[in-house]
Amino acid sequence: MVSIGARLREEREALQLSQEAFGTIAGVTKKSQINYEKNERSPDSNYLAAIAAAGADVLYILTGQRVGSVTTTPTSVQPISKGDRILLDNFHAAPEQVQAGVKTALGAFAPAGAGGKRSKAA
């Protein structure tokens, strides 16, 4: 059985990021990243959310299952762009009320079935 740490490393390498760079994206030190990959410590939800935003398949990391798949065949993962990273960093630095407003506004534009809610025409 492949460990969570091994799958975490697999996703990091698929994004072509060093342990230090991946840790920075997730808000942890290189040492913490190493500990996660060695299964000596477990990441928290903030870490998982940050790496998901960077393109990591968190469902795969946690369960060994890919989204919409019953196999563990690797999928193509694209690294997050510098502009998207800046936008994401600014979003995470914003007060909760601002984040909630952005989420509400973006939810109105989410495609059907994408987990967001469409706004009703007035």
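Start by selecting Asn39: just after α3, this residue takes a positive phi of about 60 degrees. You're in a predicted model, where local features need pLDDT of at least 70 and side-chain atom pairs count only at pLDDT 80 or more, while totals for chains, interfaces and linings use all residues. Residues are numbered from 1 along each chain as its sequence is written, and side-chain values use heavy atoms, with hydrogens and water left out.

Now step back to helix α3 itself, residues 30-37. (Helices are DSSP runs of H or I, at least four residues, and strands are runs of E, at least two, numbered from the N terminus.) Colour Gln33, Ile34, Asn35, Tyr36 and Glu37: these are the buried residues of α3. Buried means under 20% relative accessible area, exposed over 50%, and partly exposed in between, with a 1.4 Å probe and protein chains only.

Next, select Val67, in the loop between α5 (58-63) and α6 (82-93). Is Val67 buried or exposed? Val67 counts as exposed because its relative accessible area is 64%. Leaving aside neighbours within four places in sequence, Val67 is in contact (heavy atoms within 4.5 Å) with Asp57 and Leu59. Draw a C-alpha distance from Val67 to Asp57, ten residues apart along the chain, and you'll get 8.1 Å.

Move on to α7, residues 96-107, and pick Val98. Val98 counts as partly exposed because its relative accessibility is 42%.

Then colour by pLDDT, the predictor's confidence in each residue from 0 to 100. The chain averages 82, and 80% of the residues score at least 70. Among the helices, α3 has the highest mean, 97, and α7 the lowest, 81. Over residues 113-122 the pLDDT is below 50, and this stretch has ten contacts in the model beyond near neighbours in sequence.

Finally, zoom out: the chain has seven helices and zero strands. Of its 122 residues, 28% are buried. The chain exposes about 8200 Å² (Shrake-Rupley, 1.4 Å probe; for residues, only the protein chains shown count as cover), with carbon and sulfur atoms supplying 57% of it.
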